[in-house]
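Biologist: Can you take me through this structure? I'd like to start with the ligand.

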Amino acid sequence: MPKKAKKSTSQDVKDTTVIPLKSYSMKEHGVTQSLLISYLTCRMQAALSLCGWKSEGEDVGVTKFGTVMHWFLSQYYSTGLQIPTYEQYLEHIGRDEHTITTAEADIAFLVSAQFPAYAAYYRTMDRRLNIVEAESSFEVPYMATPQHEVCLRGKRDGLYRDGKGRLWLMEHKSVSNLDEGRKSMQLNFCFQTLFYILATEFDLGEEVAGVLYNIVRRPGNRRGKGTTEAFRKRVVETIKGHEPEYYFARFEVVYTPKQKREFNRRLGRLVMEFKLWLEGLRANGLKATIQNDLACDARWICEYLPMCGECSTEGYKRTNNPFPELDN
Ligand code: SF4
């Protein structure tokens, strides 16, 4: 039988002396776009993240769907458009039918049932893409000022060349609603995309023409009380019952050299401001940092809301790795 995820007990949330904050170095461990966005969103969120706190709750929503879908997409584009299977995913996460949780099995099945429709819809377009890489990590030296070198780190979803040989970034996004997904990407992903474009240009020494946003909508099916077989049948029927445009959307955004230069200046200033804040955090601890209550439940519910609201670390664990997402 699939098993349920466990939760941890309470620890001292105020302890900022532990690794990774103690040993964290912007040059050695790097800065990611998600850390800088956390810093811009809420200093407390960035501080808790740098102190190594991570939620242990089992994510069964659109975020988990996105993680599984990212794995399917990276396999698909790195194997010459071979469609991955549910069984291959289980092997990848080191689980089988007896050890995977019910919630995770359901999401893996949703993705594996939907993926053939994705592949069929984009087959002609994707055969024209000259894939350079799929889901790869980067670590790029970056001079925030002539005296201050840091490392930009992250994971690109994909890179490809178009028919004219120009390099493009590919960014996958999973959503529960395509219209909201499009809007969110247009409004909010400029920072993330420009961060990746700049890092890629420094990394490869070549201009990146722009980004292809690749949006996939999560099928709305839930298992309910029925059997696995009944659930699987329902998912397949639901996907067949809609036009592909209900689930899939793509659009391209081109960035001019001027936009990239302006972003480079903005990033340099942000990195230096972050550095000053980090020195204050090390010297004075969490009590000296500012929390932004307006960000607790804005577009997304903050991962640390139970911790901040109840001053309890129950359900959280502490890691020594400031960027575990780069290891997946
Ligand atoms: S719950 Fe709110 S105050 Fe606490 S870290 Fe998150 S955004 Fe900041």
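Biologist: Which element gives the largest share of the shell around the ligand?

Modeller: Helix 2 does, with 3 residues. Keep in mind that this is a predicted model.

Biologist: Which residues come nearest to the ligand?

Modeller: There are 13 residues around the ligand, and the nearest are Cys42, Gln291, Cys296, Cys302 and Cys308. Two elements give two or more residues to this shell, namely helix 2 and helix 9, which covers 305–310.

Biologist: How do the shell residues divide into nonpolar, polar and charged?

Modeller: The shell around the ligand has 9 nonpolar residues, 3 polar ones and 1 charged one.

Biologist: Back to helix 2. Is it mostly covered or mostly open?

Modeller: Mostly covered, as 8 of the 8 residues in helix 2 are buried. The buried ones include Arg43 and Gln45, along with Ala46, Ala47 and Leu48.

Biologist: What do those buried residues pack against?

Modeller: The buried residues of helix 2 pack against helix 1, helix 8, helix 9 and strand 2, which is 53–55. After helix 2 comes glycine 52, which has a positive phi near 95°.

Biologist: What does alanine 47 touch, leaving out residues up to four places away in sequence?

Modeller: Alanine 47 touches Leu281, Leu286 and Thr289.

Biologist: Now the nonpolar core. How many residues are in the largest one, and which have the most contacts inside it?

Modeller: The largest nonpolar core has 37 residues, and Ala47, Leu169 and Ile197 have the most contacts inside it. Among the elements that each supply at least two residues of this core are helix 1 (33–41), helix 2 (43–50), strand 5 (167–175) and helix 8 (257–284). Helix 6 gives the largest share of the core, 6 residues.

Biologist: And which domains does that core draw on?

Modeller: Domain 1 (1–57 + 275–328) and domain 2 (62–255) each give at least three residues to the core.

Biologist: Why would nonpolar residues gather like that?

Modeller: In soluble globular proteins, nonpolar side chains tend to be buried together.

Biologist: Which residues are in the second core?

Modeller: The second core is separate and has 21 residues, including Phe65, Tyr89, Leu110 and Phe115.

Biologist: Different topic: strands. How do strand 3 and strand 4 run, parallel or antiparallel?

Modeller: Strand 3 and strand 4 run antiparallel and are joined by 13 bridges. Serine 136 stands opposite arginine 156 in strand 4. The hairpin that joins strand 3 to strand 4 goes through 2 residues.

Biologist: What about strand 4 and strand 5, parallel or antiparallel?

Modeller: Strand 4 pairs with strand 5 in the antiparallel sense, over 4 bridges. Glycine 158 is opposite methionine 170 in strand 5. Their hairpin has 5 residues between the strands, and glycine 165 there takes a positive phi near 85°.

Biologist: In which sense does strand 1 pair with strand 4?

Modeller: In the parallel sense: strand 1, residues 31–32, is paired with strand 4 over 2 bridges. Threonine 32 has arginine 153 in strand 4 as its bridge partner.

Biologist: Last one, for the whole chain. How many helices and strands does the protein chain have?

Modeller: The protein chain has 9 helices and 8 strands. Of its 328 residues, 27% count as buried. Taking the contacts in the protein chain with a separation of 6 or more, 77% are between residues 24 or more positions apart.

Technical notes. Residues numbered from 1 in each chain as written. Predicted model: local features only at pLDDT ≥ 70, side-chain atom pairs only at ≥ 80, totals over all residues. Core = buried A, V, L, I, M, F, W, Y, C linked by C-beta atoms within 7 Å. Buried ≥ 20, exposed ≤ 12 C-beta atoms within 10 Å, placed from the backbone. Domains from an automatic or database assignment. Contact = placed C-beta atoms within 7 Å. Near = placed C-beta within 6 Å. Nonpolar A, V, L, I, M, F, W, Y, C, P; charged D, E, K, R; others polar. Pairing = 2+ DSSP bridges.
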